[in-house]
Amino acid sequence: MNKHLSARNTALLGMLGALLGLWTATRTWITVDVESGTVQVPQIIVAGSTAAASVTAVCVAVLAGALALLIAGKIARYVIGVITMLAGASVITSGISALANPQAAAASAVAEATGLTTSAGEYAVSVWPTITVLAGVIIVLQGLLVLVISGRWKKSSKYDRKVSTAGQPPADAQSRGISDWEQLSKGEDPTTGER
């Protein structure tokens, strides 16, 4: 079970949720057939990026957090987990808002197309806001997993500071050559073997 809940797999879960959220934001969420007396208004198509503008930005932040999770220390992982859960809740809220009140979600697109702030018509909601809610659930799940199990992950050593080896003699020939040049700069003869 630990193998499946590694930092890499948990980060991939967050990336999956974020990419799904980004993809749904490019799809058509709401179509509006405006009722008008004399002027014929074509069907208005409202994309997810218009109906819920925050979804794109939040999903990009989740992607960045998922990548940072791979190199973060213990405390940073907990911070990423909390931020990821909040981001997932935001994505869920955006999807539910569009499902619950498509008129409010489509208001800016309808106002731009008709020139009216309020407009009567038929609002058809597609499946994409529901899939956005699913993406938000995946993101929240990833944040929860990070909070619960990241303490068991081994510490990342790839970006840790190394202990200085100053004072030890150079190991390779090139380093010895640099050391010889330093002796010459000090006015010493490197061929004598005295250091």
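Ala 11 is found in helix 1, where helices are DSSP runs of H or I with at least four residues and strands are runs of E with at least two, both numbered from the N terminus. Ala 11 counts as buried because its relative accessibility is 1%; buried means under 20% relative accessible area, exposed over 50%, and partly exposed in between, with a 1.4 Å probe and protein chains only. Leaving aside residues up to four places away in sequence, Ala 11 touches Ala 66, Leu 69, Leu 70 and Gln 142, a contact being heavy atoms within 4.5 Å. Ala 11 and Val 146 are 135 residues apart in sequence, while their C-alpha atoms are 8.8 Å apart in space.

## Basis of the model

This is a predicted model, in which local features need pLDDT of at least 70 and side-chain atom pairs count only at pLDDT 80 or more, whereas totals for chains, interfaces and linings use all residues. Residues are numbered from 1 along each chain as its sequence is written, and side-chain values use heavy atoms, with hydrogens and water left out.

## Overall organisation

The chain has 8 helices and 3 strands, and from the N terminus on its elements run α-β-β-α-α-α-α-α-β-α-α. Of its 195 residues, 33% count as buried. Among contacts with a separation of 6 or more, 76% are accounted for by residues 24 or more positions apart.

## Strand pairing

Strand 1 (residues 28–34) pairs with strand 2 in the antiparallel sense over 4 bridges, and strand 1 also pairs with strand 3 (residues 121–125) in the antiparallel sense over 5 bridges; two strands pair if DSSP finds at least two bridges between them. Thr 28 stands opposite Ala 47 in strand 2, Thr 31 stands opposite Ile 45 in strand 2, and Ile 30 stands opposite Val 125 in strand 3.

## Nonpolar cores

The largest nonpolar core has 25 residues, and those with the most contacts inside it are Trp 29, Ile 30, Val 32, Ile 44, Val 46 and Cys 59. Such a core is a set of buried Ala, Val, Leu, Ile, Met, Phe, Trp, Tyr and Cys residues joined through side-chain atoms within 4.5 Å. At least two residues of this core come from each of helix 1 (7–25), strand 1, strand 2, helix 3, helix 4, helix 6 (107–114) and helix 7 (128–149), and helix 3 supplies the largest share, 5 residues. Apart from this core lies another, of 9 residues, among them Ala 7, Ala 11, Ile 80 and Trp 153.

## Surface

The chain exposes about 12100 Å², of which carbon and sulfur atoms supply 62%; accessible areas come from the Shrake-Rupley method with a 1.4 Å probe, and for residues only the protein chains shown count as cover. Leu 70 is found in the loop between helix 3 (54–69) and helix 4 (74–100), and is partly exposed, with a relative accessible area of 38%.
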